[in-house]
Amino acid sequence: MAKPNHSPSPRLLVAALTAVLVLLSADRVHVAEAVTCSASQLSSCVPAMTSSAQPSALCCSKMREQRPCLCGYIRNPNLRQYLTSADGKRVMRVCGVPYPTC
């Protein structure tokens with residue numbers, strides 16, 4: 001009677017190794033925090049977006065925070081003028097927020 005072969009198949013070893021590597025690298029993956037899109041968060045930017053005033057530190061902080069929402073704001077006819085104006089683009093540039101390609 002032949003002895004049963006209890007060694008794992010090469011496919012099973014590759015699958016197990018892949019799973020271990022994925023689990024070990026998971027701590028290196030940065031998961032984006034959910035942002036609540038609220039145009040009112042950018043109210044501190046209105047003075048700079050409607051004049052040549054420099055954006056405040058609060059404005060820049062909020063602009064960076066709301067970055068994932070900017071395309072939605074640009075699509076909104078009531079908000080578009082603020083973000084697409086020369087001053088709106090300047091505020092984003094000064095704050096280090098690239099103008100979105102929507």
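Let's start with Asp87. Asp87 is partly exposed, with a relative accessible area of 24%. On terms: buried means under 20% relative accessible area, exposed means over 50%, and partly exposed is in between, with a 1.4 Å probe and protein chains only. A caution before I go on: this is a predicted model, where local features need pLDDT of at least 70, side-chain atom pairs count only at pLDDT 80 or more, and totals for chains, interfaces and linings use all residues. Residues are numbered from 1 along each chain as its sequence is written, and side-chain values use heavy atoms, with hydrogens and water left out.

Back to Asp87. Its side chain meets that of Arg90 in a salt bridge, 3.4 Å from N to O. A salt bridge here is a side-chain nitrogen of Lys or Arg within 4 Å of a carboxyl oxygen of Asp or Glu. Arg90 and Asp87 are three residues apart in helix α6, so about one helical turn separates them. Helices are DSSP runs of H or I with at least four residues, strands are runs of E with at least two, and both are numbered from the N terminus.

Now Arg90 itself. Buried or exposed? Arg90 is buried, at 13% relative accessible area. What does Arg90 touch, not counting residues up to four places away in sequence? Ala48, Ser51, Ser52, Ala53, Gln54 and Pro55. Contact means heavy atoms within 4.5 Å.

How many salt bridges does the structure hold? Two. The other one joins the side chains of Glu65 and Lys62, at 3.8 Å from N to O. Both residues lie in helix α3, three residues apart, about one turn of the helix. Glu65 is partly exposed, at 36% relative accessibility. Lys62 is among the buried residues of α3.

Stay with α3. Its buried residues are Cys59, Cys60, Lys62 and Met63. Seen down the helix axis, they fall within an arc of 165 degrees, so they line one face of α3. That arc is taken from the directions from the helix axis to the C-beta atoms. On the other side of α3, Ala57 and Leu58 are exposed. What do the buried residues of α3 pack against? Helices α2, α4 and α6.

Next, the core. A nonpolar core is a set of buried Ala, Val, Leu, Ile, Met, Phe, Trp, Tyr and Cys residues joined through side-chain atoms within 4.5 Å. The largest one has 16 residues. Met63, Leu70, Leu83 and Val91 have the most contacts inside it. Helices α2, α3, α4 and α6 each supply at least two residues of this core. As a general point, in soluble globular proteins nonpolar side chains tend to be buried together. Take Met63. Leaving aside neighbours within four places in sequence, Met63 is in contact with Leu42, Cys45, Met49, Leu70, Val91, Met92 and Val97.

Now the disulfides. A disulfide is a pair of cysteine sulfur atoms within 2.5 Å. By that rule, the count is four. I'll take three of them in turn.

Cys37 and Cys69 come up here, with sulfur atoms 2.0 Å apart. The torsion about the S-S bond is -85 degrees, and the link is left-handed. Cys37 lies in the loop between α1 (10–25) and α2 (46–49), and Cys69 in the loop between α3 (57–65) and α4 (70–75), so the pair ties together parts 32 residues apart in sequence. Cys37 is partly exposed, at 47% relative accessibility. Cys69 is buried, at 2%.

Then Cys45 to Cys59, S to S 2.0 Å. Cys45 lies in the loop between α1 and α2 and Cys59 in helix α3, so this pair ties together parts 14 residues apart in sequence. The torsion about this S-S bond is about 110 degrees, so the disulfide is right-handed. Cys45 is buried, at 0% relative accessible area. Cys59 is buried too, at 0% relative accessibility.

Next, Cys60 and Cys95, with sulfur atoms 2.0 Å apart. Cys60 is in helix α3 and Cys95 in the segment after α6 (86–94), so to speak distant parts of the chain, 35 residues apart. The torsion is about -70 degrees, so this disulfide is left-handed. Both cysteines are buried.

Last item: the pairing. Number the bonded cysteines of the protein in sequence order, and the pattern is 1-5, 2-3, 4-7, 6-8.
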